[in-house]
Amino acid sequence: MSAEDIRLTDEDDGKKCHNHHLIVIGNGFDLSCGLASSFKDFFEPRMRVVDSLVSEEGSCDYEAIKARGLTAWDLILRSRKDMEARAFNVNWCDVETAIANVFGINLPEDGIDDEGVMISDYAVSFGSLQDYLYLADEVNTLNASDYIENRVDEIERLRDGIDDGDQGVLSELGIEDSGDSDASEVYSALFREGSHLLGHRPNPWTERVERYLACEYPQVLKDSEGQLSSILMTELERMEHCFNCYLKDEVACKDGYSDCSDNLMQKLIKHTLVVDGMPDDAVTVLNFNYTSPYRWLKQQFGDAALVNIHGTLDDESIFGIDGSGNLDDRDILPFTKTYRVLKSARGVPSGSIAYPSQRGGDGLETSSIVFFGHSLSRADYSYFESIFSTVDLYSGHTILVFLYSNYAKGVRESEVAKVLALLDYYGSSLGIAGHSNNLAHKLMLEGRLVVREI
């Protein structure tokens with residue numbers, strides 16, 4: 001069905017649609033309907049299982065990780081929980097940010113806490129995993145950290161022996177005279193080896209992730225450069241499946257979810273209609289959740305386009321990172337939402353998500369974009385950028401409406417801050433001389449920016 005075929009639901013009025021409204025909903029929608037659908041709701045119990053499998057000495061039952069339905073990503077998130085506990089700027093349960101950080105994207109600022117612990121002492125990165133897996137295979141032991149510790153101590157002993165002219169050490173190294181040129185060459189070689197090993201010394205959580213991967217996927221030891229990315233994707237898909245099952249159970253247990261979601265969708269539509277005081281001609285709902293709260297909407301707007309861009313409970317969920325600037329890296333590419341949505345053959349069933357001004361033409365024009373319950377996070381920025389560009393947000397007529405539920409103190413302030421951050425980031429990408437940093441102000445003056453309690 002093309003945009004030109006979408007008509008009013010009123011059978012007595014055969015005119016073609018001109019006015020189009022896009023409604024964007026995120027997890028806040030489902031939370032408002034009583035679902036425990038946040039990442040934290042899902043991951044908190046899994047973190048307790050991780051803790052039950054890690055001893056006080058730090059050893060871990062790696063075989064039990066997979067047997068208990070956990071993944072490498074659960075271990076990575078557990079490392080982030082330690083980082084958050086140290087008061088570093090980390091939202092430990094945001095799995096999509098965690099994915100980005102593992103690949104070196106949008107890293108939190110490094111720092112040192114009151115006990116001298118650095119954020120890098122907990123962070124797990126793709127590069128550190130590759131290095132450690134390579135070294136573990138090279139020295140033929142999964143417990144590479146002990147090897148590194150022992151070998152570095154031995155190198156220190158040998159270097160000190162050279163410095164002190166210890167005849168036993170010199171003899172051990174085949175150096176006859178401490179003044180011999182061989183001493184300098186051996187000293188330099190030991191220094192290089194020590195520096196190399198210290199660069200591979202992992203933090204505890206990196207080692208736990210590495211040892212789990214090596215246990216479950218032995219091939220990664222022989223080819224960490226070629227295997228690690230695909231194995232981490234396999235682990236991510238396992239976690240996505242678990243999340244999907246969790247949400248299905250949540251929906252099944254909440255008898256009132258359908259009625260609540262119907263009522264909330266009606267409220268969103270009502271606020272959409274108020275924007276310009278005109279009858280609603282066409283509606284598109286861009287849903288970043290995996291649930292499908294569309295019963296009432298389908299009854300009232302048979303032509304409404306319903307898009308679950310990252311999957312539904314009937315198939316599989318998609319976690320991922322923003323594709324902007326990351327589509328040319330072979331390791332990162334499979335983890336981008338752009339790649340994963342295209343690969344899964346999901347997307348817009350027909351027509352478009354948003355429509356530019358037709359300037360008197362016969363098609364649709366997106367007159368308003370309404371947001372509710374979305375974090376406006378960087379992980380989904382590519383979608384927002386495309387939509388804003390399609391409607392020519394800076395020079396066009398589209399109104400932005402950000403709705404929120406006042407469930408706690410400071411919600412409005414938080415929502416305003418997120419809105420301004422999003423518009424500032426988009427405005428800076430426009431490249432309009434002298435105007436790139438005033439997008440929000442311009443929209444406010446034109447009455448095209450609204451932040452309103454629902």
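Student: At roughly what angle do the axes of helix α6 and helix α10 cross, and within what distance do they come?

Tutor: The axes of α6 (residues 126-138) and α10 (residues 204-216) cross at roughly 60 degrees and come within 10 Å. Axes here are lines fitted to C-alpha atoms, for helices over the stretch in contact, with angles from 0 to 180 degrees between N-to-C directions. Helices are DSSP runs of H or I with at least four residues, strands are runs of E with at least two, and both are numbered from the N terminus. This is a predicted model, where local features need pLDDT of at least 70, side-chain atom pairs count only at pLDDT 80 or more, and totals for chains, interfaces and linings use all residues. Residues are numbered from 1 along each chain as its sequence is written, and side-chain values use heavy atoms, with hydrogens and water left out.

Student: Thanks! What do you call the arrangement of α6 and α10?

Tutor: α6 and α10 are oblique to each other. Angles under 35 degrees count as roughly parallel, over 145 as roughly antiparallel, 65 to 115 as roughly perpendicular and the rest as oblique.

Student: Now α2 and α12. At roughly what angle do they cross?

Tutor: Those axes cross at roughly 110 degrees and come within 11 Å, so α2 and α12 are roughly perpendicular to each other. The crossing of α2 and α12 is right-handed. F39, D41, F42, F43 and R46 of α2 meet M239, C242, F243 and Y246 of α12. That contact has seven nonpolar, no polar and two charged residues.

Student: Switching to α4: how many of its residues are buried?

Tutor: In α4, 10 of the 14 residues are buried, so the helix is mostly covered. Buried means under 20% relative accessible area, exposed over 50%, and partly exposed in between, with a 1.4 Å probe and protein chains only. Among the buried ones are W73, L75, I76, L77 and M83, and the elements covering them include α2 (39-53), α3 (62-67), α5 (95-102), α10 and α12 (224-253).

Student: And what span should α4 have?

Tutor: At 1.5 Å a residue, its 14 residues (72-85) should span 20 Å, and the end C-alpha atoms are 20 Å apart, which agrees. The expected span is 1.5 Å times one less than the number of residues.

Student: Is N101 buried or exposed?

Tutor: N101, in helix α5, is buried, with a relative accessible area of 8%. Leaving aside neighbours within four places in sequence, N101 is in contact with R80, N106, L107 and P108.

Student: Where is Y290, and what is in contact with it?

Tutor: Y290 is in the loop between β2 and α14 (295-300), and is buried at 8% relative accessible area. Beyond neighbours within four places in sequence, its contacts include F243, L247, N308 and F319. Y290 and N308 are 18 residues apart in sequence and 6.6 Å apart in space, C-alpha to C-alpha.

Conventions: Contact = heavy atoms within 4.5 Å. Left-handed = near helix turned anticlockwise from the far one by under 90°. Nonpolar A, V, L, I, M, F, W, Y, C, P; charged D, E, K, R; others polar.
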